[in-house]
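Please have a look at the model before reading on.

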Amino acid sequence: MLEFGKFEGICSSAALVVCPLLGQSGIEPTCYSRNVDLGKTLVFQPATSFVHIVAIIMTAIMIFHIRSKYTAVGRKEIVTFFYLYAIIEALAIFLDSGIIPTSNQVYPWFAAAYTGLVAAEYTCLLINGFVGFQFAEDGTPLSLWFLRLSCLLLFGISFFIAIATFKNLASFSNTNSIPLWIVYFLWPAICTVVYIVSQLILVVRTLDDRWPLGDIIIGAIFFAVAQLVLFAFSTQICDAVKHYIDGLFFFTVCILLSVMMVYKYWDSITKEDLEFSVGSKAAVWEVKEPFLGNGGGAGEQWEEDAVSHYGGAAPSLVGGISGGQYYQHQQPPPPLPQGPGYNYPPPHGYGNERF
């Protein structure tokens, strides 16, 4: 059950990254996925870890396609969001699978970094929601550095709140985790809602095409289903499938699908200017002026082609009438020798002779 400021109800049904570090001795879920023994190493959440790997591969493909659209609006801003998501998924493999044990001294620091990256990712999504309104021209240093510094600021704040909560530092306590609850649950929800509303306004007011609305709605549905499955039905799912998977598996899948819909939506509202696209294989060549002549019709082209730049008709290097003009300053060739066998055929033809 989701209760403001408290992790007890959430962690009792979902195996979150921060749950082993809260409470007096950590909060353990009532039902969680089976472990797998690989090389004398217990791997927790194997199905969820597999989804993390798939998410990294899919994110790499999306980043490649985004970077190939050289002139698309907001290309550099939106690719930052996908970089952050890929880093979060890579870090989640080590935390969810138990590669970094919860008893290890570095686990709280990695969990705090994970919390900070999640807050930074949703901050990036929030700012990308306003890129289309062109408050600052996309791709400029002003736009990019505002995005980067905002993400860095939220990362620093969330990281400090998380590690202070885990370590009971600076009046923070792992038994009173309201600030951590705000940056872990409330802030991502606010950023998501603002992003969805801003994109609905953008599509309705500025675009003639209404198909991108479907991408936004489908992505919002996936995000809502992810939260519902994790917080409300995780235990029921885990019991029904005999601990093979739990709600965290479906949560990770739905979040991946919602991220893919963010890419699909951005791709549907951006058009690339092929005239300035360096990486485009297709090229349209248009001849502005004829190669021969001063831009007149075809007749003028042929007329200039028949005139020599040295004056007179254009010479021919193979003889003929023009060839005679070209060689007119040279000595005529010597006459052919006369006699039997030469001067054939007869100069006057064969007359009326018949064979």
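The notes below take up the basis of the values, then the pockets, then the rings.

## Ground rules

This is a predicted model, in which local features need pLDDT of at least 70, side-chain atom pairs count only at pLDDT 80 or more, and totals for chains, interfaces and linings use all residues. Residues are numbered from 1 along each chain as its sequence is written, and side-chain values use heavy atoms, with hydrogens and water left out.

## The two pockets

A pocket here is an open set of points on a 1 Å grid over the protein atoms alone, where a 1.4 Å probe fits, with protein on both sides within 12 Å along at least five of seven lines; lining residues have an atom within 4 Å of a point. Points are joined across faces, edges and corners, and the volume is the space filled by probe spheres set on them.

The largest pocket has a volume of about 780 Å³. It is lined by 42 residues, and Tyr122, Phe223, Gln227, Phe251 and Ile255 are the closest to its centre. Two or more lining residues come from each of α3 (75-96), α4 (107-128), α6 (178-206), α7 (212-232) and α9 (247-269); helices are DSSP runs (H or I, at least four residues), numbered from the N terminus. The lining has 32 nonpolar, six polar and four charged residues, where Ala, Val, Leu, Ile, Met, Phe, Trp, Tyr, Cys and Pro count as nonpolar, Asp, Glu, Lys and Arg as charged, and the others, Gly among them, as polar.

The second largest pocket holds about 500 Å³ of space. Of its 22 lining residues, Ala15, Pro20, Pro29, Phe44 and Thr102 are the closest to the centre.

## Aromatic rings

The whole structure has 16 aromatic pairs (rings of Phe, Tyr and Trp, the last by its six-membered ring, with centres within 6.5 Å; planes under 30 degrees apart are stacked, over 60 edge-to-face, the rest tilted). Phe155 and Phe159 are stacked because their centres are 5.9 Å apart and their planes at 25 degrees. Both lie in helix α5 (residues 141-167), four residues apart, about one turn of the helix.

Phe160 and Phe172 form an edge-to-face pair, 5.9 Å centre to centre with 90 degrees between the planes. Here Phe160 belongs to helix α5 and Phe172 to the loop between α5 and α6. Elsewhere, ring pairs join Phe4, Phe7, Trp181, Tyr184, Phe185 and Phe231 into a cluster.
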